2 protein chains.
Amino acid sequence: MLILDNLSKHITLTPQEQELFLSKTEIRQYKAKTILLNAGEICTHSYFVNSGVLRSFNINDNIVEHVLSFACSGWWISDMYSLLSQKPGNLFIQVLEDAEIVLLSKKNQEVLFQEIPKLERFFRILTENSLVAHQERLMDNLSLTAEERFEKFCNKYQDLIQKVPQKQIASYLGVTPEFFSKMKSKMLRK
Amino acid sequence: MLILDNLSKHITLTPQEQELFLSKTEIRQYKAKTILLNAGEICTHSYFVNSGVLRSFNINDNIVEHVLSFACSGWWISDMYSLLSQKPGNLFIQVLEDAEIVLLSKKNQEVLFQEIPKLERFFRILTENSLVAHQERLMDNLSLTAEERFEKFCNKYQDLIQKVPQKQIASYLGVTPEFFSKMKSKMLRK
DNA sequence: ATAATTTCTTAATCTAGGTTAAGTGTCTTT
DNA sequence: AAAGACACTTAACCTAGATTAAGAAATTAT
């Protein structure tokens with residue numbers, strides 16, 4: 001089971017603990033385009049992707065979308081700010097490709113932290129890794145050209161390139177779809 | 001004591017635990033310009049700032065510096081990637097203004113995690129808050145102009161503006177010192 | 001104090017990437 | 001299979017911010 005494999009990357013659970021964990025989660029199927037979380041809402045769940053693709057993004061001045069992150073098979077996604085503070089966030093979470101998702105509510109997560117303290121370590125490590133990745137991306141945005149960022153993206157998320165519309169990738173990289181298209185055809189010509 | 005106040009923001013320690021914690025740390029004075037960590041080295045400590053100012057930054061192609069973060073009184077700083085992975089990082093950590101620093105070695109941190117499991121929660125929360133802050137900064141870099149980012153910076157880090165050379169702030173915001181200077185005088189004229 | 005280094009400013013010129021707009025291709029939905 | 005609705009491309013023109021350079025101001029070291 002994908003999510004148990006995921007947990008086992010950082011902690012070891014007994015069969016009973018595994019069963020308890022699963023009993024506190026819920027599996028659901030979602031069609032592409034479904035919005036799991038709207039900006040302005042309080043985020044109540046963490047989402048683990050069994051299959052399909054999700055993204056988180058915000059909308060600027062009611063016009064421009066900016067992709068914060070993608071999540072495909074084996075990845076967690078949520079609005080960390082809203083989930084932690086339990087205040088309204090400004091992220092949307094949306095299904096990009098039909099998906100099967102494991103839902104873990106904040107409440108159940110807290111219950112599980114009491115029952116299986118090891119899980120606190122698991123989520124700490126998850127958060128640490130995410131922080132490191134975000135720091136690197138920040139520095140990349142400060143120091144690399146769009147072309148260099150795209151190359152890094154291709155190496156890191158090879159599978160995503162086929163799956164998500166390229167305007168979403170442009171948004172993640174911080175350029176317009178028009179510029180992205182121009183850049184891509186320029187890179188292909190080499 | 002500043003560092004105990006800092007711990008008490010998220011967890012409650014008994015006097016014995018406080019004493020144990022302090023016994024595993026070390027306090028040192030550093031002059032401005034001192035380098036605490038070089039790129040290419042393995043980061044062995046977390047640094048807590050009692051007084052003074054530090055920054056972390058990397059150097060691109062041996063030429064351009066990019067500031068990842070500042071830390072002044074009451075803030076923690078380190079190279080999270082290197083500290084966690086125990087591999088050589090690419091961040092420098094430098095004193096910008098004469099500083100008194102509390103050093104916590106990775107080894108002692110692990111010992112303390114065993115002896116005072118609550119501390120694991122403390123650092124988890126610290127990491128969570130840092131992640132949220134980095135996510136917001138990422139989105140700001142994608143969607144705001146340099147001027148807007150500077151205004152946000154001024155509101156958030158009012159005390160820093162007097163203390164650090166403005167070329168460092170320019171670097172943090174992701175613009176050149178020349179452009180920053182032009183932008184600043186334009187903003188003053190309003 | 002003075003010299004040396006570093007930081008800041010100003011200005012001319014340049015460019016990566018944005019904007020606008022129009023056309024084409026490709027999914028969805030019915 | 002047709003009609004919309006998206007997604008992608010191309011091209012002309014525009015702008016925020018970069019680069020280069022040179023001088024002024026402020027720190028730091030001797």
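Q: Into how many nonpolar, polar and charged residues does the surface near DNA strand D divide?
A: In this predicted model, the surface near DNA strand D has 4 nonpolar, 6 polar and 6 charged residues. Asp, Glu, Lys and Arg count as charged.

Q: Why is the pair formed by Gln166(A) and DNA strand D called a polar contact?
A: The cut-off is 3.5 Å between N or O atoms. A polar side-chain atom of Gln166(A) lies 2.5 Å from a phosphate oxygen of DNA strand D, which is within the 3.5 Å cut-off, so the pair counts as a polar contact.

Q: What do the backbones of Lys167(A) and Thr176(B) contribute at DNA strand D?
A: A polar backbone atom of Lys167(A) is 3.1 Å from a phosphate oxygen of DNA strand D.

Q: Which elements give two or more residues to the surface near DNA strand D?
A: They are helix 8 (166–173) and helix 9 of chain A, together with helix 6 (146–156) and helix 9 of chain B. Helix 9 of chain A supplies the largest share, 4 residues.

Q: How do you know which parts of the protein surround DNA strand C?
A: There are 16 residues around DNA strand C, and the closest are Ala146(A), Thr176(A), Gln166(B), Lys167(B) and Ser181(B). At least two residues each come from helix 6 (146–156) and helix 9 (177–188) of chain A, and from helix 8 and helix 9 (177–189) of chain B. The largest share, 4 residues, is from helix 9 of chain B.

Q: Why is the pair Arg124(A) and Glu120(B) called a salt bridge?
A: The rule asks for a side-chain nitrogen of Lys or Arg within 4 Å of a carboxyl oxygen of Asp or Glu. The side chains of Arg124(A) and Glu120(B) meet at 2.7 Å, N to O, so the pair qualifies. The count between chain B and chain A is 4 salt bridges.

Q: Which element gives the most to the side of chain B that touches chain A?
A: Helix 5 of chain B does, with 16 residues. By class, that side has 14 nonpolar, 11 polar and 5 charged residues.

Q: How much area do chain B and chain A bury between them, and what atoms is it on?
A: The two chains bury about 3000 Å², 70% of it on carbon and sulfur atoms. In chain B, Leu138(B), Met139(B) and Leu142(B) lose the most area to chain A, together 21% of what that side buries.

Definitions and conventions: Residues are numbered from 1 along each chain as its sequence is written. Chains are lettered from A and ligands numbered from 1 in the order in which they are written. This is a predicted model: local features need pLDDT of at least 70, side-chain atom pairs count only at pLDDT 80 or more; totals for chains, interfaces and linings use all residues. Side-chain values use heavy atoms; hydrogens and water are left out. Buried area is the accessible area (1.4 Å probe) that two parts lose on being put together, summed over both. A residue is near a molecule or strand if one of its heavy atoms lies within 4 Å of it. A polar contact is a pair of N or O atoms within 3.5 Å; within protein, one must be able to donate a hydrogen and the other to accept it, and residues adjacent in sequence count only if both atoms are side-chain atoms.
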